[in-house]
Amino acid sequence: MNTNNETRKTRDALHDEFLKVWGNPRGWHALTIVNHTTVGIRFMVTGGIFFLIGGLLAMLMRTQLALPEQDIIEPKLYDQLFTMHGTVMMFLFAVPVLEGLAMYLIPKMIGARDLVFPRLSAFGYWCYLFGSLILMSSLVLGIAPAGGWFMYTPLTNNVYSPGPNVDFWLLGVTFIEISAVSAGIELTVSILRTRTSGMALLHMPLFCWYILVMALMIVFGFPPLILGSILLELERAVGMPFFDVARGGDPILWQHLFWLFGHPEVYIIFLPAAGIVSTLLPVFSRQPIVGYRWIVLAIISTGFISFGLWVHHMFTVGIPQLAQAFFSMASMLVAIPTGIQLFAWLATLWTGRPVYHVPMLWLVGFLFIFMIGGLTGVMLALVPFNWQVHDTHFVVAHLHYVMVGGMLFPLLAGLYYWLPHFSGRMPSDKLARWGFWLTFVGFNTTFLVMHLTGFLGMPRRVYTYQAGMGWELPNSVSSVGGFIMAMGIAMVLLDIVLHFRFGRPAGSNPWGADTLEWATDTPPQPYNFISLPDCPMRHPMWDQPDLQTTIAEGHHGLSEIDHGRRETWGSDPVSGAIREIIHLPGNSWLPFYSALALSVLCISLLTRTYSMALIAVVASLLLLLSWSWKNCVYLEADSAVKPGYPPLHSRTFNGPGLWGMVVTLLADGALFLAILFGWLYLRVVAPNWQAPDTAPLAWLPLLISGVLLTVATFWHHFIVRRLRAGRDDHLQGQLWGIAVIGLAHCCVFIWAWSASSLVATQTAHDAVIAVILMYQLFHSGLAVIMTALQAKRVAYGYVGKTAPYEIAVVKPWWIYTNAVFWLSFLAVIMLPIAWRSA
Amino acid sequence: MIPSLTLPSLIITLSFLSGCSGPQSILNPAGPSALAVSRLWWGMFGFSVTVLLVVMTLWIYAMRRKPRPLTEAQADRINQSWIIGGGLVLPIAGIVALLSFSIPMGYRMLPLPVAGQSVPHIDVIGHQWWWEVRYPDTDIVLINELHLPAGTPVDIHVTSSDVIHSFWVPRLAGKIDMIPGRTNVLRIEADAPGQLLGKCAEFCGVGHAHMLLEVQVHTPEDYEAWLEAYEYE
């Protein structure tokens with residue numbers, strides 16, 4: 001009895017001390033929260049609201065289509081409705097909700113206290129919220145984008161879509177994508193570098209594998225669309241003719257850039273949902289998942305294959321037959337990894353002892369719907385069949401089977417599964433079953449018959465149709481089904497709202513799960529775990545049933561908190577062996593203000609008030625720089641750690657910042673490759689490509705500028721090497737020297753540009769070169785600013801041989817900038833020379 | 001599970017039986033390309049329904065059955081055969097079968113030269129929101145109207161004067177996009193004289209829903225007569 005009280009006291013005392021460091025503020029200061037649990041829930045709730053709005057838009061469309069030749073909704077509005085329905089569901093609901101779920105769960109599953117860049121998570125959320133609000137405001141103002149969610153140009157250029165409608169889409173979605181990419185970077189580095197002691201890659205819960213691959217796919221997949229949006233916006237606002245045939249551009253380039261993103265996007269949405277299935281099934285089958293390694297292989301190969309089949313959205317564009325056969329085959333290959341997962345799940349059920357709970361219902365629903373979507377997907381990959389049903393309601397049915405089956409149903413399974421984790425209470429079984437059956441029946445009634453509507457020849461995106469085509473009955477059925485499904489969703493919502501009040505307490509680990517997220521309190525505390533356990537195993541909660549208690553009583557690692565730092569383990573990316581203590585930043589206004597400044601920029605670009613835009617750029621730059629100044633590298637006195645512990649990350653060369661930088665550069669590199677792709681594509685394919693007879697840029701000044709850049713890069717590399725050897729004499733002076741050489745490089749570069757004969761609004765040739773030059777200048781300029789800032793920090797004593805962390809982070813940026821320069825030089829200067837002489 | 005599926009499956013079966021013959025139905029083909037695709041569809045439909053039913057049955061059975069106790073080695077063997085059989089063999093066999101049908105089929109639909117015969121062509125230009133149809137070597141220009149001879153292949157050369165449209169006569173063949181600055185070619189052939197309907201398939205702005213094309217198929221003799229009569233007009 002006495003010892004029990006004793007433990008309880010220490011347990012509560014530990015909790016209070018941790019809360020002092022990790023606690024979330026209330027009131028206005030809640031805007032400063034960076035904790036992953038809060039940010040994850042914000043993402044999910046916001047995404048859920050947009051799901052309801054997107055659903056409402058769909059209901060309006062189904063009302064209009066219920067009967068032939070209705071004029072409830074005029075075509076102008078109808079076009080806005082379907083454009084916004086697709087955009088909202090894809091960009092404002094599916095991706096953010098799944099990111100939110102991943103942000104909420106990943107640290108808990110890998111035994112960490114927070115994501116590795118907490119302020120970045122908050123920043124991502126604010127970008128998403130503000131971007132979404134800007135986009136949605138267009139609908140309220142009646143000037144929403146109306147070009148379809150894939151925004152094919154020339155319909156979306158300023159000739160055929162004057163007015164700000166399309167600009168809302170391009171700017172708003174780009175803003176939201178910044179949030180997606182930052183989440184991708186953050187999740188990648190968190191999964192690789194912050195797993196608890198001993199959790200090797202092959203000990204990770206499968207969900208983490210799915211999220212890792214999803215995050216990397218975001219990193220590579222979103223940049224092409226970001227580039228495409230920037231190019232189209234430049235064409236609309238400034239008149240640079242990337243997609244204008246008359247001036248040497250090509251509208252098909254937009255389709256390539258869009259689907260280069262758009263197809264991986266489907267798997268970016270499907271993979272986390274499949275991750276939910278792979279997490280839930282073994283728990284409800286009471287045995288480990290079958291074929292763990294097979295599934296890991298399947299996830300990774302899905303990631304790779306999904307980048308090789310974007311052209312199957314473009315089979316009717318008139319692409320050569322050989323290429324079509326290739327992409328047709330590649331598209332079908334996806335059936336293999338999907339089949340492996342499907343049958344691994346089946347085998348898990350087969351040899352397990354399944355128990356029934358509501359999440360299982362949603363999983364069966366998922367299987368049925370997703371299989372139909374997958375089978376029609378294989379059909380669509382067949383070129384002759386695709387020519388017939390492309391752009392009809394058959395495709396509408398197919399994509400809803402894939403998206404709703406492959407995303408919404410697993411998500412709802414996951415929602416019911418983790419609801420006790422979010423709230424500590426159980427939902428009602430009865431309401432939940434009603435919700436499922438209404439949604440399931442409603443969905444199939446709407447969309448199964450829609451395959452037929454497509455066969456009967458009804459194209460997508462028509463606001464009405466004439467009687468006598470045989471389209472009346474299937475359309476009426478679809479509309480009725482839509483409303484049944486809406487009732488089902490309403491039932492689920494009701495259940496969730498009611499469970500907060502009436503649900504019975506869940507207790508800890510109500511499903512008997514195996515993964516670490518159930519070792520936290522339910523609902524969880526902001527610090528997740530008082531102490532971080534060793535976890536060299538796949539099923540910690542099954543192997544150590546008392547884990548929750550021992551964690552809360554502080555029996556494991558890193559339970560000291562008197563230093564007042566937010567800390568979590570930094571570990572080896574493969575073995576999970578502890579390498580350092582990662583010191584995480586606390587709550588901050590910077591993410592909120594930076595996102596606010598960027599949204600001012602977004603709005604001023606929308607309204608074309610460029611003076612305001614300039615102010616916003618400067619404000620964002622200042623905010624982001626002060627962000628980089630206020631990081632977690634402190635003076636020696638604040639950095640003591642308990643003897644026997646590894647050092648703080650700021651004392652190492654290979655900390656999370658370096659990983660964040662490298663992953664960011666991967667995204668950046670994907671963007672640059674997309675630019676090079678555009679350059680080569682237009683050269684080869686554009687019907688009216690016009691290149692000047694004489695080279696528009698003089699090569700000699702560019703060469704000089706490049707040599708200066710290379711010198712600066714090598715010098716930077718050299719000082720990092722000296723730091724590694726423990727020497728930091730003249731560090732400040734050397735950094736200033738590098739910055740000055742970098743500045744000289746920029747000046748020569750600008751001079752070469754201004755002396756050129758480029759007219760960016762005249763031909764696509766000049767416009768693309770201008771974009772490449774801008775891209776280079778942005779990178780060179782930022783390299784100079786970062787290095788100058790480092791020199792300042794040396795003066796303050798934040799950087800030096802005991803704290804070499806930051807200089808090592810800047811180094812890859814220099815190397816990347818240098819690589820971009822020489823690749824561009826090759827593509828823009830050397831290639832045309834070779835071309836002409838050949 | 002079962003009762004909930006009855007309603008939608010009943011609806012879809014009934015509609016299939018009644019609806020396939022619609023005036024714009026791809027399952028009511030009026031030309032060789034559309035015929036090939038509709039056959040392909042029925043084949044794939046049978047295959048898919050079988051796969052779906054088998055997997056669903058297995059899944060539901062797996063959830064309900066009481067497995068006998070297995071040793072680890074036995075369980076491993078069962079699991080391995082599920083993954084290899086269902087995850088590798090089944091999809092690979094399916095893919096090979098489907099591609100060996102579809103690639104030659106797609107190839108036959110291409111506008112390739114026909115031995116011993118020159119294929120006539122017709123130019124179709126998309127506008128927001130109407131079709132301009134031109135018969136080369138004549139002065140004939142039609143709006144929203146296309147006349148074809150029955151029983152002979154014809155190449156439709158499509159392009160656009162403004163945004164992207166897509167040429168589609170569902171009962172004859174698949175669609176082809178009409179893109180400014182490019183000319184795409186679609187080979188079509190109608191079996192018999194009669195009236196058909198075409199529609200713009202790529203969203204092209206507010207008038208998209210009303211961008212319709214009337215297709216009139218004549219016997220070869222009537223077609224020649226029509227061409228001449230039109231020329232003299």
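## Getting to know chain B

Among contacts in chain B (heavy atoms within 4.5 Å) between residues at least 6 apart in sequence, 64% join residues at least 24 apart. This is a predicted model, where local features need pLDDT of at least 70, side-chain atom pairs count only at pLDDT 80 or more, and totals for chains, interfaces and linings use all residues. Residues are numbered from 1 along each chain as its sequence is written, and side-chain values use heavy atoms, with hydrogens and water left out.

Q: How many helices and strands does chain B have?
A: Both are DSSP runs numbered from the N terminus: helices are H or I with at least four residues, strands E with at least two. Along the sequence the pattern reads α-α-α-β-β-β-β-β-β-β-β-β-β-α. The totals are four helices and ten strands.

Q: Is Trp42(B) buried, partly exposed or exposed?
A: Trp42(B) sits in helix 2 (residues 32–64) of chain B. Buried means under 20% relative accessible area, exposed over 50%, and partly exposed in between (1.4 Å probe, protein chains only). Trp42(B) has a relative accessible area of 38%, so the word for Trp42(B) is partly exposed.

Terms used
Chains lettered and ligands numbered in written order.
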